[in-house]
Amino acid sequence: MYLGDTLKILVPFRSRNFRLYFGGQWVSLVGSWMTNTATVWVVYELTQSPLWLAVVGLATQLPSIVLGPFAGVLIDRVNRHRLLMATQCLAMLHAGVGPIFRPAEA
């Protein structure tokens, strides 16, 4: 592998739109990681049960598994930009609402 080949991976970053998209996706991904970590932490703190951690893990992945094929059809039929904006706003709302519904300490 040559240095010139390695630097080709940086070519998309010349585009302002790509840099904005990449940065936004990075922030969104980090936020998702934080939300997932906090959710698992709260579940374990409240239940002290590995079984409930597995249930939460399944509940997290199940919508993607079940709705994935339908989402593929939807993505092909609607404006991708608007769909991306809608899903990111819903993810932000979901992350913001979670702490509100956390039970109070006993």
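Just after α2, glutamine 48 takes a positive phi of about 55°. Please bear in mind, as I begin with this residue, that we are looking at a predicted model. Most residues other than glycine have a negative phi. Glutamine 48 is a residue other than glycine, and yet its phi is a positive value. Where does glutamine 48 lie? It sits in the loop between α2 and α3.

α2 has 32 residues. From its first C-alpha to its last, α2 reaches 47 Å, which is close to the 46 Å expected at 1.5 Å a residue. For those new to helices, an α-helix has 3.6 residues a turn, so residues three or four places apart point the same way.

I move next to the whole chain. How many helices and strands does the protein have? There are four helices and zero strands, and along the sequence the pattern reads α-α-α-α. The C-alpha atoms fill a box of roughly 60 × 35 × 25 Å, taken along the principal axes. The radius of gyration of the protein is 19 Å, whereas a compact globule of 106 residues would have one near 13 Å. Buried residues make up 4% of the 106 residues. The accessible surface comes to about 9200 Å², and carbon and sulfur atoms account for 72% of that surface.

My last topic is the largest pocket. Rolling a probe the size of a water molecule over the atoms shows where empty space is left. In this model, the largest pocket holds about 1500 Å³ of space. The elements that give two or more residues to its lining are α2 (16-47), α3 (50-77) and α4 (80-97).

In total, 42 residues line the largest pocket. Those nearest its centre are Ser32, Ala91, Met92, His94 and Ala95. When the lining is sorted by class, 23 residues are nonpolar, 17 are polar and two are charged.

Key: Residues are numbered from 1 along each chain as its sequence is written. This is a predicted model: local features need pLDDT of at least 70, side-chain atom pairs count only at pLDDT 80 or more; totals for chains, interfaces and linings use all residues. Side-chain values use heavy atoms; hydrogens and water are left out. On a 1 Å grid over the protein atoms alone, a cavity is a set of points where a 1.4 Å probe fits but cannot get out, and a pocket is an open set with protein on both sides within 12 Å along at least five of seven lines; lining residues have an atom within 4 Å of a point. Grid points are joined across faces, edges and corners, and a volume is the space filled by probe spheres set on the points. Ala, Val, Leu, Ile, Met, Phe, Trp, Tyr, Cys and Pro count as nonpolar, Asp, Glu, Lys and Arg as charged, and the others, Gly among them, as polar. The radius of gyration is taken over C-alpha atoms; the globule rule is 2.2 Å times the number of residues to the power 0.38. Buried means under 20% relative accessible area, exposed over 50%, partly exposed in between (1.4 Å probe, protein chains only). Accessible areas come from the Shrake-Rupley method with a 1.4 Å probe; for residues, only the protein chains shown count as cover. The expected span of a helix is 1.5 Å times one less than its number of residues.
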